[in-house]
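The sequence and the structure come first, and the description follows.

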Amino acid sequence: MLFRGLVNGIPVTGSLKENSLSLAEDERLVVSWDLGGRLYSVWRFKHTWRRGLNGEVLYKWYEEGAGGPASRGYDERRRRTLTREEAAPVVDEAARFASRALAAMQEMPGSWSGRENPGVWSLFLQRLEACARFNSGVADADAARFAELYRPVGILPPDQYLSVVLQATEGCSFGSCTFCDLYHDGYRVKAPGEFAAHVRGVVEYLGASIALRRRSIFLGAANALAVPVPRLVALLETLRATFPAPLPPVRAFVDAFTGVRKNTEDYRVLAGLGLGRVYIGLESGHDPLLAFVRKPGTAGEAVETVRAMKAAGLQVGVIVMIGLGGEAFSSPHVEDTARTVNAMGLGEGDLLYFSDLVEMPGTAYPAIARDAQVRPLDLAARLAQLSALRSRLAFTGRPPQYARYDIREFVY
C-alpha cells in the first residue's frame with residue numbers, strides 16, 4: 001500500500017508491504033525497516049547502508065571506472081563496515097526521518113493520498129511509530145539482545161541473507177581451511193533442549209520482524225549437516241513443532257568430507273522433514289589445490305555428496321572460488337573444477353556461486369602462498385579465469401542459476 005504526501009514541503013512516499021515498511025523522499029532517499037521497526041537499509045544515489053541484526057552497518061558505494069576497463073563495472077563497488085561511532089548517525093537520521101513523516105501524517109492526515117482504507121492507514125502509522133523509536137540507543141540495546149541469543153553468524157550464501165538463522169551447531173567441524181577466518185572456537189552441537197530454547201528465544205526476539213526473514217530457515221552454523229542423521233531429525237522436528245505450518249524451507253551447509261558419509265536415503269529422510277537446499281563449498285575440483293589450502297575432502301567426494309542429495313530430491317548450491325591458488329594452480333583449477341561441476345548433475349533450481357578469494361588478515365593462506373611463491377591473480381586474470389571456467393560448463397537440460405558471491409557483502 002502506498003501513501004503520498006509532503007514532509008516539510010518535500011514529496012514523500014510511504015510503502016507498507018507484507019514484510020517491510022519504507023519511506024522515499026523525492027526519489028533521493030529510501031529508508032527501509034522491517035515490521036518490527038528495526039532499520040534495515042538506507043539508500044542514497046550510489047550509496048547504501050545496510051544494518052544487520054547484530055548491529056553492524058555495512059556501507060557500500062560506487063566509484064565509476066575504479067577498476068579500469070578490464071573490470072567491466074565489476075570492481076566499482078566499495079564497501080566497509082562502519083564503526084559504532086560512524087553507524088550511530090545513520091541510525092539516528094533514519095529515525096528522525098520516520099519521526100518527521102509520522103508527525104506530518106498525524107497533523108494533516110487528509111493531505112495524504114492512499115489512506116482510503118482506514119485499517120491499513122492505522123497499521124502504517126503504528127509501524128512507523130516503531131521505526132521512529134529505533135534510534136542508535138535502541139539499536140545498541142537490540143544488538144546486545146541479539147548477542148545473547150547468537151554466537152557470531154560467520155557467513156551465509158547470498159540467497160540466505162534474509163533467512164531466519166537458527167544455530168543448531170556452533171563453529172566448524174574441521175576448521176582447517178587456510179583461507180577462512182570465520183570460525184575459531186571449535187565445533188559444538190547443541191543439546192535438544194538447548195536448541196529448542198534457542199529457537200523459542202529467536203522467534204520471540206524477532207517478533208514482527210520475522211516477516212522479512214520467513215522465506216527460509218538457515219540451520220547454522222558452518223556445517224550443521226555434519227550432525228548424525230538421528231540428531232538432525234530431532235533438530236528438524238523441533239522446527240516443525242515451533243513454526244506454524246507450512247514450515248519455511250530449511251537450508252544448511254555441508255562439506256564433502258562429512259557429506260559423503262550420508263547416503264541418498266539419509267538425505268531423503270531430511271528432505272521429508274523440511275530440508276530443501278544444501279550448500280557445499282567445493283572451492284576447487286583440483287585435489288592438489290584442496291590439499292594446498294588444507295580443505296578436507298576431495299572433488300570425487302563432493303560429486304558423490306551432491307549426486308546423493310540430488311537423488312533425494314534436494315536442491316544444491318555449489319560454491320567455487322575464483323583466484324584460489326593464484327597463477328600456479330590456475331589452469332588445473334579451471335579444468336578440474338569444470339569437470340567436477342559437470343559431473344554433479346546440477347540443473348534447474350540449483351545454484352552455482354563464484355566467489356573471489358579474499359585474503360583475510362590473520363589467515364594462514366597469504367603466508368603459505370608466499371612461501372610457495374604462489375603469485376595472486378589480479379582482477380583481469382580473475383575475470384579471465386571465471387570466463388574460462390564458465391565456458392567449460394555443460395549441463396543436461398536447464399542449467400543452474402549462476403551468481404557472484406562476495407563474502408565482504410555479508411551482514412546479518
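Where is the place of Ala221? Ala221 is in the loop between β12 (217–220) and α5; helices (H or I, at least four residues) and strands (E, at least two) are DSSP runs, numbered from the N terminus. The model is predicted, so local features need pLDDT of at least 70 and side-chain atom pairs count only at pLDDT 80 or more, while totals for chains, interfaces and linings use all residues. Residues are numbered from 1 along each chain as its sequence is written, and side-chain values use heavy atoms, with hydrogens and water left out.

**Backbone features**

A cis peptide bond joins Gly220 and Ala221, and another cis peptide bond joins Ala245 and Pro246. Pro246 is found in the loop between α5 and β13 (250–254). Lys46 and Gln373 are listed with their positive phi values, although Lys46 is not a glycine and Gln373 is not a glycine.

| Feature | Residues | Angle |
|---|---|---|
| cis peptide bond | Gly220 and Ala221 | omega about 10° |
| cis peptide bond | Ala245 and Pro246 | omega about -5° |
| positive phi | Lys46 | phi about 65° |
| positive phi | Gln373 | phi about 55° |

Lys46 lies in the loop between β5 (39–44) and β6 (47–51). Lys46 counts as partly exposed because its relative accessibility is 27%; buried means under 20% relative accessible area, exposed over 50%, and partly exposed in between (1.4 Å probe, protein chains only). Gln373 is in the loop between α11 (365–371) and α12 (379–391), and with a relative accessible area of 72% Gln373 is exposed.

**Two buried residues**

Glu170 is placed in strand β10 (residues 169–170). Its relative accessibility is 12%, so Glu170 counts as buried. The side chains of Glu170 and Arg151 are joined by a polar contact of 3.0 Å; such a contact is a pair of N or O atoms within 3.5 Å, where within protein one must be able to donate a hydrogen and the other to accept it, and residues adjacent in sequence count only if both atoms are side-chain atoms. Leaving out residues up to four places away in sequence, Glu170 touches Arg151, Gly186, Tyr187, Arg188, Lys190 and Ala221 (contact means heavy atoms within 4.5 Å).

Thr178 sits in the loop between β10 and β11 (188–189). It counts as buried because its relative accessibility is 2%. Not counting residues up to four places away in sequence, the residues that Thr178 touches include Val293, Arg294 and Tyr365.

**Nonpolar cores**

A nonpolar core is a set of buried Ala, Val, Leu, Ile, Met, Phe, Trp, Tyr and Cys residues joined through side-chain atoms within 4.5 Å. The largest nonpolar core has 75 residues, and Leu166, Leu219, Leu239, Val318 and Tyr412 touch the most other members. Helix α5 (residues 229–242) gives the largest share of this core, 6 residues. A second, separate core has 36 residues, among them Val57, Phe97, Leu125 and Leu128.

Val318 has contacts with Ile280, Leu282, Val306, Met344, Leu346, Leu351, Leu352 and Tyr353, not counting residues up to four places away in sequence.
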